[in-house]
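I opened this model to look up how its parts pack. My notes follow the order in which I went through it.

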Amino acid sequence: MSSISNASKKAILVVGATSTIGSGVAKSLSKLGASTTVLVRSEEKGKSFKEEGINVAVGDLAKPETLGKAFKGIDTAFILTPPSELAPGLFSNALWAAKQAGVKHIVRISAVKAAHDAPTINSRSHALSDSELITSGIKYTIIKPHFFMQNLLMATESVKSEGKIYLPFGEGALGMIDSRDIVDFSVKTITDAGHDNKVYTITGPESINLKQVAASLSKVINKPVEYVAVALDTAIEQMKQSGVDQYTLNLLHDYFEQYSQNWGNFVTSDSGDCVSVDFFNFRKGKEGFRWKSEREEEGRRGRKKREREGGRRGRERDRRAIDINSRVAVYIE
Ligand SMILES: NC(=O)c1ccc[n+]([C@@H]2O[C@H](COP(=O)([O-])OP(=O)(O)OC[C@H]3O[C@@H](n4cnc5c(N)ncnc54)[C@H](OP(=O)(O)O)[C@@H]3O)[C@@H](O)[C@H]2O)c1
């Protein structure tokens with residue numbers, strides 16, 4: 001668990017706060033009692049944070065002259081940049097402002113397998129900022145998350161209307177991760193000790209391919225779901241027709257190509273107890289109810305299976321299967 005007393009001692013700035021991860025981080029920190037400020041590009045974007053008692057600073061990473069005030073007095077900055085060709089410049093501006101203000105620790109969201117020689121454009125872009133941070137002299141924590149499970153939401157409509165997931169992942173398996181687990185992990189690196197000058201690659205509990213995702217979904221939404229492996233060029237052309245910009249097309253092309261060749265077929269244990277343990281207690285409202293009933297049902301089946309198989313290994317396997325089924329299902333439902 002993240003520490004309330006540690007959190008409350010720090011002044012924290014969250015950059016990229018309107019993103020799924022950034023907003024989760026800001027809200028979690030605020031709930032922990034930390035003095036939390038978000039950097040957003042307009043007052044309008046800061047409204048929902050203000051309503052939750054979070055401080056709002058307006059600034060634009062593309063305009064370095066707007067950043068000084070936001071970083072002043074900050075102990076730890078959480079910095080997330082957009083997946084854009086501008087990202088290295090935007091991060092550099094944030095880092096410079098942090099340095100000028102005497103920020104002590106930066107937690108940065110990078111990307112899975114970010115490296116200067118990576119075969120994906122986004123990974124090479126992230127590697128530039130990772131290197132700049134590591135050599136900055138400021139204490140750093142670099143988090144390299146795997147593919148967000150939430151990306152699968154792009155298939156929601158076709159699952160609803162046709163029971164099909166059309167994506168160009170071939171047979172490739174990925175150690176995909178729930179973005180809420182990324183939030184929990186990020187918060188932990190801010191509030192807890194021991195994360196200075198560390199680089200973490202965080203993944204979900206299991207590497208799965210899209211056929212397995214479809215099969216899991218099918219089971220939990222009680223309706224046939226089929227994965228259709230679309231040809232890469234066809235998928236990119238369709239995205240182009242729907243107005244996706246060229247940089248994003250290049251980024252997606254590289255990821256789809258690599259993931260279909262199993263580039264993402266791995267998991268790590270870096271996320272520790274932020275995967276699945278917190279998840280069990282995370283659900284609210286309808287999702288929580290659904291999760292609970294599924295979990296009980298699976299638990300019953302799991303217990304019977306364990307009685308047959310016996311031992312700790314059986315218990316562990318059941319728990320993982322439940323995680324994956326239920327996580328994907330709640331998004332698509
Ligand atoms: N999706 C994945 O599977 C995956 C996996 C691993 C790593 N990642 C990495 O995770 C990061 C977040 O991805 P995402 O898709 O969640 O991003 P996103 O939704 O596009 O969020 C980007 C954030 O950056 C802010 N921003 C953009 N330009 C800005 C500027 N000039 N000044 C200040 N703030 C600015 C945006 O604020 P506004 O509301 O003002 O636009 C938004 O809060 C990316 O670096 C991506 O490479 C993604």
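This is a predicted model: local features need pLDDT of at least 70, side-chain atom pairs count only at pLDDT 80 or more; totals for chains, interfaces and linings use all residues.

**Notebook: helix pairs, sheet, ligand shell**

**Entry 1: H2 and H8**

I looked up the hand of the crossing and found it right-handed. Then I listed the contact. H2 brings Thr20, Ile21, Gly24, Val25, Ser28 and Leu29. H8 answers with Ser179, Arg180, Ile182, Val183, Ser186, Val187 and Ile190. By class, this contact holds seven nonpolar residues, five polar and one charged.

**Entry 2: the ligand shell**

The ligand is surrounded by 25 residues. I wrote down the closest: Thr18, Ser19, Leu61, Pro82 and Ala111. The shell divides into 14 nonpolar residues, eight polar and three charged.

**Entry 3: the sheet**

I traced the strands next. Seven of them make an open sheet, ordered E3-E2-E1-E4-E5-E6-E9, and the pairing is parallel. Which strands lie at the edges? They are E3 (55-58) and E9 (198-202), each of which pairs on one side only. From one strand to the next, I read an average twist of 20°.

E6 (residues 139-145) and E9 run parallel and are joined by five bridges. I looked up threonine 141 and found its bridge partner in E9 to be lysine 198.

H3 (residues 43-51) lies across E2 (35-40) and E3. Its direction is at about 170° to E3.

**Entry 4: H5 and H6**

I moved on to H5 (residues 87-101) and H6 (residues 121-134). Their axes come within 9 Å and cross at roughly 20°. H5 and H6 are therefore roughly parallel to each other. I logged a right-handed crossing here. On the H5 side, I have Ala87, Pro88, Phe91, Ser92 and Leu95. On the H6 side, I have Ser125, Leu128, Ser129, Glu132 and Leu133. The contact splits into six nonpolar residues, three polar and one charged.

**Entry 5: H10 and H11**

Do the last pair in my notes run parallel or antiparallel? I took H10 (residues 232-241) and H11 (residues 246-260), which pack at an angle of about 155°. H10 and H11 are therefore roughly antiparallel to each other. Their axes are 10 Å apart. H10 passes H11 in a right-handed crossing.

I listed the residues that meet. H10 supplies Leu232, Ala235, Ile236, Met239 and Lys240. H11 supplies Leu249, Leu252, His253, Phe256 and Glu257. I sorted them as seven nonpolar, one polar and two charged.

**Recap**

Methods. Residues are numbered from 1 along each chain as its sequence is written. Axes are lines fitted to C-alpha atoms, for helices over the stretch in contact, and angles run from 0 to 180 degrees between N-to-C directions. Helices (H or I, at least four residues) and strands (E, at least two) are DSSP runs, numbered from the N terminus. Angles under 35 degrees count as roughly parallel, over 145 as roughly antiparallel, 65 to 115 as roughly perpendicular and the rest as oblique. A crossing is left-handed if the near helix is turned anticlockwise from the far one by less than a right angle, and right-handed if clockwise. Two residues are in contact if their C-beta atoms, placed from the backbone, lie within 7 Å. Ala, Val, Leu, Ile, Met, Phe, Trp, Tyr, Cys and Pro count as nonpolar, Asp, Glu, Lys and Arg as charged, and the others, Gly among them, as polar. A residue is near a molecule or strand if its C-beta atom, placed from the backbone, lies within 6 Å of it. Two strands pair if DSSP finds at least two bridges between them.
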